[in-house]
Amino acid sequence: MSKNKVISKKSIYLTGINKFKINEKLRKINKDEVLVKVDSCGVCSSDLKFIYTGSRIKKYPIVLGHEISGSIKKNTHIVFGAEIPCGKCNVCKNLRNNSNLCDNPISVGSNFDGGFSNYFIIKKRILSRTPHIIYKAKKKLKYAALAESLACVINGLEITNLKRQQNIAIIGAGYMGLLFVALSKIKKAKNICAIDFNQKRLKIAKKLGATKLVKLTKKNKNLVNKILKPTNNNGYNAVISANSNIKAHELACELVSKKGVINLFGGIPKDNNNKLKLDSNLLHYKEAVITGSFSSNQKHLEKAFSLIKNKSIEFSQIVTSIVKYENFKKKIDLLKNKKEIKLIFKP
């Protein structure tokens with residue numbers, strides 16, 4: 001790249017709660033920066049939280065988007081993780097393989113401008129700490145941007161220690177929940193139970209490998225027994241609550257088997273009323289484990305990229321729209337209202 005290159009950067013700026021502005025301006029690239037031509041950027045549920053609540057946004061305007069794939073030069077492409085460790089805290093010094101748990105991380109697309117733009121610019125010193133993969137190919141991988149979100153799911157499934165021919169229940173058939181279904185099939189789980197209110201999403205879960213579908217209703221009579229039936233009422237070795245509903249987290253605790261693991265994968269709103277209520281005897285007598293998982297690290301990103309490269313997951317079943325500048329706001333609203341499952345922005 002030539003020194004002090006100037007590019008025309010067209011970005012979607014979040015200027016306030018649910019307020020956007022598209023702006024294009026000339027930008028000089030300094031010698032301490034890396035210029036990435038954005039190919040695509042996935043829209044995450046975290047982005048919805050940033051847009052509609054302002055959560056984690058320190059300063060407006062900001063360019064959101066952390067599921068980024070792009071090109072750094074001809075036939076050389078890059079895929080990013082989202083959480084950048086500080087390299088100095090206790091976790092970074094003593095738990096180096098768990099960089100996603102850094103005490104003072106920097107986040108792409110919330111702490112500094114992200115990928116809802118035609119170009120993404122990152123300081124070289126920050127890139128050196130950022131989980132990323134550089135690959136050479138004449139043709140860019142279609143779903144490369146989804147490596148970041150898939151990496152989070154890989155982390156979430158690994159922490160349950162799910163083994164071949166074991167049983168797993170996944171509460172929530174949104175984008176992440178559907179990825180859990182697909183990964184569980186790859187892991188050759190025996191019973192894969194998908195649980196959701198939305199029948200259309202459950203049908204997609206079946207296509208991706210779910211062996212049991214449970215549609216939630218307002219009454220939900222004999223719900224637990226219905227879900228446990230495939231396991232002969234022994235429970236599930238792994239239970240994933242892939243949503244932000246506290247009731248789903250509580251249900252997860254009722255579905256786990258003896259020596260099983262519950263992953264409360266979905267973060268919930270910070271509200272004093274959102275406290276988990278459970279019968280501790282459920283864990284005590286089953287010797288079950290309750291845990292969570294957050295984000296991902298380099299190792300997870302590499303595994304995710306390999307699955308995408310090998311076309312191991314049918315993303316065409318999950319990605320419902322490609323988004324452009326002109327329809328971004330409309331599609332974001334549809335995603336919030338669960339009319340879309342996964343959006344990918346392409347500048």
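Me: Which residue forms a salt bridge with Asp39?

Reply: In this predicted model, Asp39 forms a salt bridge with Lys140, and the closest N and O atoms are 3.7 Å apart. Asp39 lies in strand S3 and Lys140 in the loop between strand S10 (132-136) and helix H4 (147-158), so the pair ties together parts that are 101 residues apart in sequence. Asp39 counts as buried at 16% relative accessibility, whereas Lys140, at 39%, counts as partly exposed. The residue that pairs with Asp39 is Lys140.

Me: How many residues apart are Lys342 and Glu67?

Reply: The side chains of Lys342 and Glu67 meet in a salt bridge, with 2.9 Å from N to O. This pair links distant parts of the chain, since Lys342 is in strand S18 and Glu67 is in strand S5 (residues 67-73). Lys342 is buried, with a relative accessible area of 2%, and Glu67 is buried with a value of 0%.

Me: What is the arc within which the buried residues of H11 fall, seen down the axis?

Reply: Helix H11 covers residues 328-336, and Phe328, Lys331, Ile332 and Leu335 are buried in it. Seen down the axis of H11, these buried residues line one face of the helix, because they fall within a limited arc. The arc for the buried residues of H11 is 105°.

Me: Which helix is among the elements that cover the buried residues of H11?

Reply: What covers the buried residues of H11 includes several strands, among them S1 (5-16), S2 (19-29) and S3 (33-43). Strands S17 (319-323) and S18 (342-345) also belong to this cover. The helix named among these elements is H1 (45-53).

Me: With which residue does Lys331 form a salt bridge?

Reply: Lys331 is one of the buried residues of helix H11, and its salt-bridge partner is buried as well. The closest N and O atoms of the pair are 3.0 Å apart. The partner of Lys331 is Glu340.

Me: How many aromatic pairs does the count come to?

Reply: Rings are paired when their centres lie within 6.5 Å, and by this rule the count comes to ten aromatic pairs. Phe112 and Phe120 form a stacked pair, at 6.2 Å centre to centre with 20° between the planes, and both residues are buried. The number of aromatic pairs is ten.

Me: What is the angle between the planes of Phe116 and Phe345?

Reply: Phe116 and Phe345 form an edge-to-face aromatic pair, 5.7 Å centre to centre, with 75° between the planes. Phe116 lies in the loop between strand S8 (106-107) and strand S9 (119-123) and Phe345 in strand S18, so the pair ties together parts that are 229 residues apart in sequence. Phe116 counts as buried at 1% relative accessibility, and Phe345 is buried with a relative accessible area of 0%. The angle between the planes of Phe116 and Phe345 is 75°.

Me: Which residues are linked with Arg27 in a network of salt bridges?

Reply: Arg27 lies in strand S2 and is partly exposed, with a relative accessible area of 27%. Beyond its neighbours within four places in sequence, Arg27 is in contact with residues including Lys5, Val6 and Glu33. The residues linked with Arg27 in the network of salt bridges are Asp32, Glu33 and Lys123.

Me: What is the omega of the cis peptide bond that joins Tyr60 and Pro61?

Reply: In general, most residues other than glycine have a negative phi, and most peptide bonds are trans. The bond that joins Tyr60 and Pro61 is cis, and Pro61 is found in the loop between H1 and strand S4 (62-63). The omega of this cis bond is about -5°.

Me: What is the positive phi of Asn233?

Reply: Asn233 is not a glycine, although its phi is positive. Asn233 is found in the loop between helix H7 (223-228) and strand S14 (236-241), and at 52% relative accessibility it counts as exposed. The phi of Asn233 is about 65°.

Note on methods:
Residues are numbered from 1 along each chain as its sequence is written. This is a predicted model: local features need pLDDT of at least 70, side-chain atom pairs count only at pLDDT 80 or more; totals for chains, interfaces and linings use all residues. Side-chain values use heavy atoms; hydrogens and water are left out. Buried means under 20% relative accessible area, exposed over 50%, partly exposed in between (1.4 Å probe, protein chains only). Helices (H or I, at least four residues) and strands (E, at least two) are DSSP runs, numbered from the N terminus. The arc is that of the directions from the helix axis to the C-beta atoms. Contact means heavy atoms within 4.5 Å. Rings of Phe, Tyr and Trp (its six-membered ring) pair if their centres lie within 6.5 Å; planes under 30 degrees apart count as stacked, over 60 as edge-to-face and the rest as tilted. A salt bridge is a side-chain nitrogen of Lys or Arg within 4 Å of a carboxyl oxygen of Asp or Glu.
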